[in-house]
Amino acid sequence: MVSTRIPRLVIAAPASGSGKTTVATGLMRAFADAGLAVSPHKVGPDYIDPGYHSLATGRPGRNLDSFLCGPERIAPLFLHGAAGCDLAVVEGAMGLYDGAAGQGELASTAHVAKLLRAPVVLVVDASSQSRSVAALVHGFASWDPEVRVAGVILNKVGSDRHEALLREALDESGVEVLGAVRRAAPVHTPSRHLGLVPVAERQAEAVDAVAEFAARVREGCDLERLLALAHSAPPVEGPEWEPTGSWAGVPQGHNPTTGPHPNGAPVIAVAGGPAFTFSYAEHTELLRAAGAEVVTFDPLRDEALPERTAGLVIGGGFPEMYAPELSANEPLREAVAALAAGGAPIAAECAGLLYLSRTLDGKPMCGVLPTDARMSERLTLGYREAVAIADNPLAAAGTRVRGHEFHRTVTDPAAGAVPAWGITHPARRVEGFAQGGVHASYLHVHWAGAPGTAARFVAAAAAAR
């Protein structure tokens, strides 16, 4: 068994809203400013926080989700992302022990910390408590003896006197205080219906926000002690994940694209820009490893698809915020419709589904799918288990996957004559559209947890071209 030593910390909290994103991102930036190569990670399926992590470190923000990818891939994916780094910082999700509903510890921050054998630093909102903080921290530290809660950072501390009371109480808990961040005016990090506004939509403001996070952490936290704690983590056991071979669902050395390509690798166009910000870093790596040339384009600004496009990937994001601008780019809408009519494979998730619809909030979209999309008052959120209804560019009929839904829009109808997926849990229903080479759905799937997906898609693009 291969052992790799990577200093690492998991930044967790008793509950959402405690300030762990501020602290985790601030730590990433503070250590990066000190000259360390910092690998940023996020527990769970969230796409937005990793954008801030990437801004803080200059490296891709990567997700560690044991529901989507399987517990057996967490350490390998971590090793892949952290290769060559001096330090890894993993931001948790929700409360430390909160995970997939009805699945015990699965997909919780505690579960990931155990899989990585990483020390946990608990960020506690201390704004409305003093001695009670010791009971709270003691409960979290003792709940699961396999989770090493090695320190606490007190957030929103009101004064020197308040800090002294908190530290005195925690002296009795046996959990070390590693920092006390003072209550201050909130950093401008605007939110909307699905959380923080992504970095790509507010680049200059986001840079300033991350710098402010780092300043607060440097002022209030013992960076030297935190780094020593990270170095106390034991080696990570296991192989590093690779976007090739068995990890990708293809035999080692096998080229999943069929036959020689005199015109070069098939071009896979991937939507980006402010309207389409949701993507896992491993997806692009898997596509390239499968033999594709990956080219990013911005549907808000580009009036044509990249030259020689043979396949199209449109991930998640916020097209509902840009419906007029997307609709106004008629040349690109027509190019996407023509690509679909020609049988090229198109993979569309959530935002991509909306963009391929006839209309979005009454604004004309690409018209590829016989459905209309609109904003809704109801938030749809949660993990899903699903099965492919029919053969499609992403999966063979009967293929089972795990995914995640996170949207406040609806489509009418919700599924086509051939649905993209049959949802099997938590409730049985059909969802999405599979027609021709198009696979469009609200379900987000992490391709590292669905081996063969990228290779199948690239093969379909090469065949269609």
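**Strands, a helix pair and one serine**

Q: How much of strand S8 is covered?
A: In this predicted model, strand S8 (residues 176-182) is mostly covered, with five of its seven residues buried.

Q: And in which sense do S7 and S8 pair?
A: Strand S7 (residues 149-157) and S8 pair in the parallel sense, over six bridges.

Q: Which residue in S8 is the bridge partner of Ile153?
A: Gly179 is the partner of Ile153.

Q: What does the chain cross through from S7 to S8?
A: Helix H7 (residues 160-171). The β-α-β crossover made this way is right-handed.

Q: Switching to helices. How do the axes of H1 and H2 cross?
A: At roughly 20°, and the axes come within 8 Å. H1 covers residues 20-33 and H2 covers residues 48-57.

Q: So what are H1 and H2 to each other, parallel or antiparallel?
A: Roughly parallel, because angles under 35 degrees count as that.

Q: Is the crossing of H1 and H2 left-handed or right-handed?
A: The crossing is right-handed.

Q: Which residues make the contact?
A: From H1, Thr21, Thr25, Met28, Arg29 and Ala32. From H2, Asp49, Tyr52, His53, Ala56 and Thr57.

Q: Last one, Ser327. Where is the place of that residue?
A: Ser327 is in helix H11, which spans residues 323-328.

Q: Buried or exposed?
A: Ser327 has a relative accessible area of 10%, so it counts as buried, the cut-off being under 20%.

Q: What is Ser327 in contact with, leaving aside neighbours within four places in sequence?
A: Arg333, Lys363, Pro364 and Met365 are in contact with Ser327.

Key
Residues numbered from 1 in each chain as written. Predicted model: local features only at pLDDT ≥ 70, side-chain atom pairs only at ≥ 80, totals over all residues. Heavy atoms only, no water. Helix = DSSP H or I, 4+ residues; strand = E, 2+ residues; numbered from the N terminus. Buried < 20%, exposed > 50% of the residue type's maximum accessible area, 1.4 Å probe, protein only. Contact = heavy atoms within 4.5 Å. Pairing = 2+ DSSP bridges. Right-handed = clockwise from strand over helix to strand, strands pointing away. Axes fitted to C-alpha atoms, helices over the stretch in contact; angles between N-to-C directions. Parallel < 35°, antiparallel > 145°, perpendicular 65-115°, else oblique. Left-handed = near helix turned anticlockwise from the far one by under 90°.
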